[in-house]
Amino acid sequence: MPDTYQPRILAFFCNWCTYTAADLAGVSRMKYAPTTRVVRVMCSGRIDPQFILSAFAKGADGVLIGGCHPGDCHYLEGNVKCLRRFRILQRMLVDLGIEPERIRLEWISASEGGKLKEVINAMSADLVRLGPLNLPDALRSFDAEVLKEETEAEVQELVTIP
Amino acid sequence: MATLEREIRFESDRDPEFAAQIRRMPGCENLNRCIQCATCSGICPLSTYMDMTPRRVIQLARDGFKADVLNCNTIWLCASCYQCQVECPKEIGITDVMYALKCKAIEAGIKPKQAAPQTLYREFYNLGTKNGRISEGALMVNTVIKTQPARFWSLKMLGLRLLRTGRFGWKIERMPQQSVLKAAIQATPPINGKESS
Amino acid sequence: MVSDNSHNPAEEVRIGFFICHCGVNIASKIDVAEVAKFAETLPGVVVSRDYKYMCSDAGQDLIVEDIKNFRLNRIVVAACSPFLHEKTFRTATQRGGINPFLCHMVNIREHGSWVAEDRVTATEKAKAMAQGGVGRVRRHVALEKRREPVLQSVLVVGGGIAGIQAALTLANAGKHVYLVEREPTIGGHMAQFDKTFPTLDCAACILTPKMSEVGSHPNITLWAYSEVIHSEGYVGNYKVKVRRKARYINEDECTGCMECVEHCSFKTGVVDDEFNVGLVKRKPVYMSFPQAVPKIVVIDPLTCAKLSGGKCEESCIPACDRQALDFTQTERVEEIEVGAIIVATGFKTFDAKRKPYYGYGDFPNVYTSLEIERMVTSSGPTEGEVVCRDGRVPKSVGIVHCVGSRDHQTNRWCSRVCCMASLKLAYLLKEHTGAEIYNFYIDMRTPGKGYEEFYERLLEEGNHFIRGRVAEVTDFAMRPEEENHLIIQVEDTLSGYVRRVPVDMVVLAVGIEPQADASVVRRLFNISCSDEGFFLERHPKLAPVSTATEGVYLAGCCQGPRDIPDTVAQAGAAAAEALALLDPGFVEMEPMTAYVENELCSGCKTCQTMCPYGAISNDAERKIAVINPMLCKGCGTCVASCPSGAIHQNLFDDQELFDEIQEVLAHA
Amino acid sequence: MKYAYYPGCSLKSSGRAYEESFLAVCKILGLEMEELDNWNCCGATSFMSIEQGPAYTCSVRNLALAEKKNMDLVAPCGGCYGVLLKADHYYADYPAVRNSVDKGLAAEGLQYRRQIQIRHPMELLTHDPGLKAIRSLVKRPLKGLRVASYYGCRFLRPVAPFDDMRHPQTMDSLMKTVGARIADYASRGRCCGGALAGSIPKMAQELTYRLIKDAQKAEADVIVTGCPLCQFNLDAFQDEIIASHPDVKPIPVFFFTQLLGLALGAEPEELGIQRLIVPGIKILQEKGILGDKKADEKKVPVAAGAQNG
């Protein structure tokens with residue numbers, strides 16, 4: 001691993017809070033690690049667990065999800081739904097041998113540019129420490145469609161846990 | 001305790017009438033307008049030699065800290081170049097304030113630490129009002145002897161040159177009729193900012 | 001909502017990639033030419049260009065021309081945040097002759113150059129982002145915006161000067177306004193003031209005509225003593241519930257004659273008079289002030305002997321010749337439908353007790369600026385007489401600026417109005433008492449028309465200005481002349497001395513802070529707060545009265561500290577924004593709604609439980625889910641939850657996102 | 001045209017050369033100067049610092065004398081000019097000043113109605129004969145001489161009736177008119193410290209040093225001034241200044257009337273050029289404006305196109 005190892009973080013940011021916070025960080029010229037690749041979604045509730053699995057399969061070293069603080073969701077409680085899925089998925093990924101630091105969910109409001117910077121820097125540092133993701137065999141041949149079928153029932157079961 | 005007392009300024013250190021008196025002196029009426037921007041201190045060619053910058057003098061003067069401003073060397077170092085006055089954004093007659101403070105210091109009998117300028121002004125005033133004109137030779141010799149005796153001899157060469165070029169003489173200059181000026185001065189009411197005047 | 005001329009999969013994808021220098025904003029940290037060159041190698045990219053300012057007319061024309069010349073059918077613009085220019089480039093795309101939603105923006109400025117330290121990594125990151133954009137745009141399909149009718153009425157929340165101004169502007173433009181105010185009267189803080197700076201206009205003289213106009217305007221429904229308790233819906237179509245608290249007065253009958261107040265079995269006040277900030281007591285039945293609008297009394301059930309279950313002579317009832325008192329009244333909930341909402345809920349003042357070393361609450365002669373406002377008012381509790389609590393007229397007054405403001409321990413911000421308000425009070429206190437006035441300030445902030453001139457006037461009038469944050473207000477005398485005074489200790493940073501100034505009265509210029517329930521109100525209307533807790537505008541410069549929620553606007557101090565002129569101007573701006581929304585009669589909705597692919601739907605109803613808007617119903621006959629596009633707001637939660645992959649979301653469809661994920665990660 | 005000439009104290013001693021040269025120039029240009037009878041010291045900065053009532057009376061008295069003769073008052077000394085001008089303005093603006101001065105003047109049977117103008121030679125020569133007239137009379141153009149005009153404080157502050165307070169030009173125009181080149185430098189209006197020259201020489205010399213340094217950076221050959229105190233301060237202490245600041249070289253400091261007179265054909269001796277402490281003749285000879293003394297004795301002056309006696 002070269003000294004200049006830059007982990008790649010796939011970041012799912014909700015449009016109203018965290019994406020705006022990232023805009024604010026930019027406007028405020030806050031400097032942070034160039035590790036994130038942002039995918040904008042309207043709500044963190046839109047984030048399908050498969051997106052996260054896909055990200056790991058396609059080479060992400062970590063996945064960061066940013067949503068509105070609980071109670072602040074632009075769509076009432078999409079973020080809470082995201083949280084439920086996240087908890088389960090994180091447990092599942094740990095079972096698959098992916099370190100828990102590689103997937104992170106943060107509530108970052110539109111005014112928290114500074115928090116966004118801190119989170120990205122902290123996560124980048126964690127990932128540098130962990131090194132590149134050594135993808136577990138179970139995921140190596142991941143294909144969205146295949147996995148969808150395989151895990152569908154499982155995920156369904158998980159996400160409907162009250 | 002004594003040192004502590006000096007650090008704090010109490011209301012009893014203020015003369016509440018002082019600022020009003022200064023403001024009644026010619027050119028000083030805008031004293032209170034000061035916003036402490038310190039253009040005066042920045043532009044003053046002599047402020048680096050002053051124990052208080054002109055800005056601070058203005059602040060203390062308008063708050064009535066009479067003893068502080070009458071004892072500072074700032075007012076005596078002011079060379080009356082009026083740079084501060086013309087650049088003041090609030091059109092405060094800062095040079096005029098310095099004049100007023102000098103008069104007040106003299107009125108209060110204050111002998112400044114840096115005595116030379118006051119001595120020169122006094123010599124000048126005495127000569128000027130006595131003879132109606134200034135005899136530069138006498139003024140310079142008197143002032144130098146009184147304020148910088150050591151320098152007297154080092155100025156010997158300059159003195160000789162001035163004598164040789166005819167720019168310096170021992171003759172005492174006088175108005176042909178001094179009495180009229182004396183009468184005029186005597187008949188002039190003081191301008192001291194006191195309300196009665 | 002896929003339109004008829006939707007993307008034909010067989011059609012060849014021809015992508016144009018455009019990267020903006022944004023002057024040096026992007027180009028200084030990202031090698032735009034190199035990114036453009038890289039993008040050219042991506043599959044489907046037909047043309048790739050960099051340009052100084054893509055958002056300029058010339059930049060847009062470049063897109064328009066290239067679409068025509070290269071038969072482009074997808075556009076990727078790598079530039080600033082889509083919040084700024086997505087509309088610009090979609091419009092340009094449309095001008096080029098293709099559907100605007102075939103354009104996608106990649107944010108390499110806010111998320112790229114501006115947060116980057118190193119040019120090489122920033123350029124690599126931009127390439128990855130570009131590849132992600134190119135990857136997803138291949139999947140884009142043509143979409144149409146849909147139109148929704150807009151209701152021609154507006155809810156204004158808060159009846160201070162901001163709400164009053166906004167309501168009158170809208171009402172005069174012919175829109176129906178519901179003005180909801182929590183207190184028994186409108187008027188807000190301005191009604192409590194004596195004079196307004198810097199002109200010293202009498203606050204009541206300029207405010208009360210506006211208040212009466214609100215009270216009598218045919219287009220305004222005024223609900224004072226009421227609160228919004230629920231709001232739902234979307235731009236142009238909000239449904240709002242308003243709780244109208246019981247006044248125990250028949251509003252139609254009450255003429256505001258105050259006979260009931262006179263005859264209340266309590267002969268004197270029993271509880272702190274809120275309007276007079278506790279300087280006097282009021283009775284349980286009261287009117288805030290004589291010019292109150294609506295001019296109706298109110299009974300406070302907590303202190304009223306009858307309502308609180310105690311013994312009472314009920315002498316108020318016969319005193320009213322119109323039998324307006326109604327002790328059986330209960331609160332009502334009104335439901336209204338409005339097209340837009342203006343939030344003008346105001347501020348509260350900093351609680352001076354949070355700065356204990358200023359002695360508020362400990363020393364009787366330490367007052368807040370609001371208390372002094374009431375005291376100097378001729379219609380106030382002392383009829384304009386300024387006296388200390390022991391009845392003495394103060395000979396010296398110290399006004400402490402920035403109380404609670406510019407302080408990391410309390411409120412970090414400058415409250416913006418206190419300097420001028422303090423100068424005004426200094427003027428009024430001097431006028432009323434002839435006292436020596438000392439202002440203790442950190443910086444003197446007088447940014448407004450005639451403000452600096454007012455400051456200069458006070459300087460010239462001999463008010464003392466001591467630059468330094470007051471350290472403490474104490475009654476510990478160090479000198480005989482300090483006995484029986486409050487001593488203000490401060491360093492005058494301008495004279496360079498620590499000073500002790502003994503005064504008879506201390507006025508604390510308390511700062512402006514968000515209302516205590518701002519976080520409740522913001523959730524009610526689905527808007528955000530900035531760090532300090534004031535409501536967050538959509539853009540600090542270019543959309544200062546809009547919020548992230550379409551159709552919800554801000555006016556006045558709820559958005560941040562401001563003075564009356566700025567508040568009135570902002571209220572006008574909020575009204576104008578609401579008018580601009582209402583006037584066309586319809587609103588165009590973004591097409592990013594979800595829809596069901598009927599063949600895949602198993603009818604499991606999982607999605608139904610997910611939808612926060614009840615937009616999904618079950619077609620019992622076909623046993624499939626049906627999404628009502630009018631109700632769908634496009635969050636995509638149902639899409640993520642569908643076990644069959646039967647729900648799609650326009651612009652955020654699975655395949656678009658999978659491709660974006662894959663491509664954004666493909667560039668190492 | 002006749003003017004009331006108010007020499008002031010300096011022009012009778014340390015500034016003698018100024019009087020000599022000014023009167024010589026006036027003679028050439030046909031301006032008649034009648035010295036005020038029984039004039040008195042203007043009070044300078046000193047009177048103002050001691051007693052302001054008498055200070056204003058002393059100043060205004062001279063104005064009243066000129067007014068009595070119905071002549072404009074010409075004050076060549078920068079100090080006197082500034083003091084008299086300010087007294088005139090304050091007499092008009094402040095009732096306290098007017099009240100005091102009127103009572104003082106009444107003792108001598110004088111009164112002042114502000115009917116005359118206070119003139120300085122710099123402005124007088126520019127306007128009354130005019131630059132055109134001066135140019136036509138030039139006998140000895142100051143060709144090749146680079147002149148730094150030093151204005152000092154009192155023509156410009158607190159009131160500047162005839163020039164731009166922040167970028168004065170009058171003296172430069174006069175010098176250009178007689179053929180000199182102009183050294184433009186920023187310190188032209190800075191204080192020379194003259195008021196402290198006699199009391200705290202070190203401070204005064206620091207200020208003077210800056211002026212000389214700035215003028216020399218602008219490649220000035222000579223400095224000209226219109227104030228005897230400035231001239232004295234800049235001229236007399238150069239030895240001491242150079243001793244503490246070796247980066248400046250001696251530079252002659254002329255009264256502007258001396259160079260004017262020279263250009264108009266007057267002889268150096270008439271203009272008091274020999275009275276300078278830092279000799280000025282040499283540079284004039286180097287530039288060919290004045291002939292070599294020995295050569296001069298042999299033949300007619302060399303000045304271009306000039307015919308002299």
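Two strands are taken to pair if DSSP finds at least two bridges between them. Helices (H or I, at least four residues) and strands (E, at least two) are DSSP runs, numbered from the N terminus. The structure is a predicted model, in which local features need pLDDT of at least 70 and side-chain atom pairs count only at pLDDT 80 or more, whereas totals for chains, interfaces and linings use all residues. Residues are numbered from 1 along each chain as its sequence is written, and chains are lettered from A and ligands numbered from 1 in the order in which they are written.

In chain C, an open sheet of 4 strands is ordered β2-β1-β3-β4, with parallel pairing. Its edge strands are β2 (45-51) and β4 (103-107) of chain C, each of which pairs on one side only. From one strand to the next, the twist averages 15°; angles run from 0 to 180 degrees between N-to-C directions, and axes are lines fitted to C-alpha atoms, for helices over the stretch in contact. Strand β3 (residues 74-79) of chain C runs parallel to β4(C) and is joined to it by 5 bridges. Within this pair, C:Ile75 is placed opposite C:Cys103 of β4(C).

Helix α1(C) lies across β1 (15-20), β2 and β3 of chain C and runs at about 175° to β2(C). Helix α1 (residues 32-40) of chain C also packs with helix α4 (residues 119-137) of chain C at an angle of about 35°, the axes being 10 Å apart. From α1(C), the contact is made by C:Glu34, C:Val35, C:Phe38 and C:Ala39, and α4(C) contributes C:Thr123, C:Ala126, C:Lys127, C:Ala130 and C:Val134. By class, 6 nonpolar, 1 polar and 2 charged residues form the contact of α1(C) with α4(C). Here Ala, Val, Leu, Ile, Met, Phe, Trp, Tyr, Cys and Pro count as nonpolar, Asp, Glu, Lys and Arg as charged, and the others, Gly among them, as polar.

Chain D likewise contains an open sheet of 4 strands, with the order β6-β5-β7-β8 and parallel pairing. Strands β6 (181-182) and β8 (253-255) of chain D stand at the edges with a single partner strand each, so one side of each has no neighbour in the sheet. Strand β7 (residues 222-225) of chain D runs parallel to β8(D) through 3 bridges, and D:Ile223 has D:Val253 of β8(D) as its bridge partner. Helix α7 (residues 170-177) of chain D lies across β5 (146-150), β6 and β7 of chain D, at about 155° to β5(D). Helix α12 (residues 256-263) of chain D lies across β7 and β8 of chain D, at about 70° to β8(D).

Among the 3 pairs of chains that touch, chains B and D have the most contacts (two residues are in contact if their C-beta atoms, placed from the backbone, lie within 7 Å). In this pair, 53 residues of chain D contact 59 residues of chain B. The side of chain D that touches chain B receives the most from α5(D), with 8 residues, and comprises 25 nonpolar, 19 polar and 9 charged residues.

Between chains B and C, 14 residues of chain B contact 17 residues of chain C. β1 (8-10) and α4 (54-62) of chain B are the elements giving two or more residues to this side of chain B. Strand β1(B) pairs in the parallel sense with strand β26 (residues 497-503) of chain C over 3 bridges, and B:Phe10 stands opposite C:Arg500 in β26(C). No contact joins chains C and D, whose closest C-alpha atoms lie 18 Å apart.
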